[in-house]
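Here are my notes on the model you sent over.

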Amino acid sequence: MDDILNLKRIFLGQKRGIAMKEKKIILVVVTGAMVVQLVGNILVGVQARENQSENLLRNSDFEVLEAPDKPRFWSRGRGWSVDTQEPYQGKSCMRASEAWRWLSQEVPAKPKKYYSLTAYVKSDIRVERKTNYQNSFLWLDYLDKEGKVIKEDPGLIYVVSSWGLYGRVILTPAKTEKIRVKLGKRLGEGSIWFDGIELRPLSKNLLLNSDFEILDSQGRPVFWGVGRGWSAHITRPYRGRNCMQGTEPWQQLWQWLPARPKSFFVLKTHLRSNITAEGADNLNTAVFLMCLDSKGKVIKQEERAMLAPFSWQEREIWVYTPVDTTAVKIVLLKRLGKGSLWVDDLQVRQLPSYLRIRILRAILDDKPFFIFYFSLYLILIISLIRVVLKR
Amino acid sequence: MLIKKLFPQENRRIYLKWMLIGLLIRLAFMPFTLHGDLVGINWFAYCLVHQGHIPLRRMNYPPLAYFTAYFFQLLFRPVMPLFEQWSDSVLPWFSGPHLFRYVFLLKSYYLIFDLGVAFLLPRLIADNQRKLLAFKLWMLNPIVILVSYMQGQFDVLSTFFVILSLYYVAAKKFCRSLFFLGIGAALKQFPLLFLIPALTVLGRTKAVKFKLLLCGIVPYILLMYPYWGSPTFRKAVTTVAGMDEFVLYFHFDLGNVDKAYVYIVGYTIILALAYFHSRAKDSKEAFETLWRVELIILLWLYTTIFFLPQYFVWVTPLLILFSVENKKVRTLYWLQIICVFVHTLHWDRYLPDLFTPLDPAFFPHIPSPFYLINRYYSVAKFMGIFRSVFSGICLWMIYLILREFFLVKKEVLR
């Protein structure tokens, strides 16, 4: 009988009020932790999306001049002038009228890190779009701590007559201490105008224009490759003003990223569709992460066929890059069926290699559940120990 | 108070200990293992409720199974809001957010029925030591854990209702017993195999038999009727989701188109046995007869048909009732469990693939036990040997039960 009473005390928490107190404390701690995590998650999520990292380039819109035609912090070669006629933003932009003359600035950088380089550029050069048509440079030199150039990245672009956003994601080589940003005209008769140059470190998302908010003059999303049937869509986007709508099966929407071997990338994307399945196969969407070598050959490919539902839902795919990888291509496509696929708010992150273990990633992604789960497990283990040890 | 009510007074702390151990093992697997069966039942439950039908060839269970799954989906909706946008295919689940949370929740209600069996079993046994042993054997049964919490099959629900039906036989509430047998059959149809023996053993007169039949069959029919118009559903019911193929496969050609189905022959003999032993003096005796007949029916089923691992959950509580009586039978019980694990080799990557949610890049690529065994010895022969051992054990157990029957009969005649 005593045993039973003891048991009752233990499990009903009545042993001089201590067990009850302990239980209350555990309950409060667990609940508190869950609430904090939940709120934290929401806030961190908001911050992750809203916070843009700092632009490393100073006087990036050329508003401050230290001498005529000489913007502060920038070194310029011959043929560069300040233009106040039609800047993209502010009061002035820079105009290059001579080819292979640079406007440059050096900024400190870290090795093996991702940065985005973007610039608004326009030109009045008329070049036919043939083999050698890129009329401008968004050139980058990667410098070591002695100031030697480790690697040159010419960044050829073909600029058209209206202001447009150009750029790319870069991955700094090992030993990089500085990046020299060099803007220049490459070929043709006429001038190139530059404004709003930005070099920003990337950490939360390695994709540019990941929510398709920036469209070019033809309504296509900047930095994205689009196949037939893909277009920007303004009805019911997941966030912002636009999303992408794909209507044709097996037509790609893609973007490239420079990548290092043995790196782990996770792509998260939001999808929805109104595709009606025909037959047993209802997986209407496919997402690919292709690892490419320096010759552009696909050396590894992760593919997920998935069902994009009627309302927005997040999907995830990941890849661990093999040796010889120099780039990763992100591809989304509609697989089959009648109807459209909508895509919005993509995110690619490079995560530490140990997060290849799915469970570790899952714990980070769903903290409230795992706090609940491990707390429950812990409570049961403690109860078991108490039962075993209790005489 | 709850603990006091649930556990027998004797050894209450030991019960608690084994319950906690059993729960810890179950919880360890619940969120981290996934099989297409869990995906299928839950996705089609959603389809049945929202679209009124299940895609052709995909309705494998009676409607109550889907309604039960949907009921718990509704219950968990606030914490799994995106479930309705998942798919019937297991692959998209791997890339969906909160996979572990969803898998955990979708299996969590099995615990209610699983613990229900655990608490009912001791109530069917008189001896205190055997009560505890039965409780332990159920809580630690690897097949129940594998099927319910790794594979995500809901056989434990039907099994619970079968045991509840037996509990009411012992409590002399026969109508209630048949009612719960009908509910069990409305989840998975195997309890229908026990309907005739139950009527034979429990109904003393034709009128009582008819009343009991109504108690058992009415809930079953009421739950089936609204879907009877669907050809898919009709086929699922009449073929027991293709199980008839398994049951009728082992047969003898008797010439022309004449056939003798081995399972049916044996089942008929078992019914005859129940009929000739139907003169139970009281509910206790009726209970003792009935669970043994039900055990023989299932043992004969496993002996003569190709079965799936989840079928073994049906027999587990009955086997436990049988094995707590005899230490040597317990050895056979554990041997059977080993044989069922070997039997899972039929599905090649069944065991390693269950862990795919933990790491979809790793587990699908580790060598399966099938592959490893096949490197040294023909896996077909290997499985066949264990299958034969399993059938041999089942037959020996049937013999032991029959011998008990005939001994009792002899004593009665004396």
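1. A definition to start with: the expected span of a helix is 1.5 Å times one less than its number of residues. Helices (H or I, at least four residues) and strands (E, at least two) are DSSP runs, numbered from the N terminus. With that in hand, α2(B) has 18 residues and reaches 26 Å from its first C-alpha to its last, close to the 26 Å expected.

2. Some housekeeping. This is a predicted model, where local features need pLDDT of at least 70 and side-chain atom pairs count only at pLDDT 80 or more, while totals for chains, interfaces and linings use all residues. Residues are numbered from 1 along each chain as its sequence is written, chains are lettered from A and ligands numbered from 1 in the order in which they are written, and side-chain values use heavy atoms, with hydrogens and water left out.

3. Which residues of α2(B) are buried? They are R12(B), Y15(B), L16(B), W18(B), M19(B), L20(B), G22(B), L23(B), L24(B), R26(B) and L27(B). Buried here means under 20% relative accessible area, exposed over 50%, and partly exposed in between (1.4 Å probe, protein chains only).

4. Now look at what α2(B) packs on. Its axis and that of helix α8 (residues 128-139) of chain B come within 9 Å and cross at roughly 10°. That makes α2(B) roughly parallel to α8(B). Axes are lines fitted to C-alpha atoms, for helices over the stretch in contact, and angles run from 0 to 180 degrees between N-to-C directions; under 35 degrees counts as roughly parallel, over 145 as roughly antiparallel, 65 to 115 as roughly perpendicular and the rest as oblique.

5. Who touches whom there? I14(B), Y15(B), W18(B), M19(B), G22(B), L23(B) and R26(B) of α2(B) meet N128(B), K131(B), L132(B), F135(B), K136(B), W138(B) and M139(B) of α8(B), contact meaning heavy atoms within 4.5 Å. The residues of this contact divide into nine nonpolar, two polar and three charged. Ala, Val, Leu, Ile, Met, Phe, Trp, Tyr, Cys and Pro count as nonpolar, Asp, Glu, Lys and Arg as charged, and the others, Gly among them, as polar.

6. Another helix pair to check: helix α9 (residues 142-151) and helix α19 (residues 327-343), both of chain B, pack at an angle of about 35° with their axes 10 Å apart. P142(B), I143(B) and L146(B) in α9(B) meet W334(B), I337(B), V340(B) and F341(B) in α19(B). By class, that contact has seven nonpolar, no polar and no charged residues.

7. Have a look at helix α18 (residues 311-323) of chain B too. α18(B) bends by about 35° at P317(B), the bend being the angle between axes fitted to the seven residues ending there and the seven starting there. 13 of the 13 residues of α18(B) are buried, so this helix is largely enclosed by the rest of the structure.

8. K172(B) has a positive phi of about 65° although it is not a glycine. K172(B) sits in the loop between α10 (155-170) and α11 (174-187) of chain B. Is K172(B) buried or exposed? At 61% relative accessibility, K172(B) counts as exposed. S283(B), in helix α17 (residues 283-304) of chain B, touches V169(B), A170(B), K172(B) and F174(B), not counting residues up to four places away in sequence.

9. Over in chain A, there are four helices and 23 strands. Of its 391 residues, 48% count as buried.
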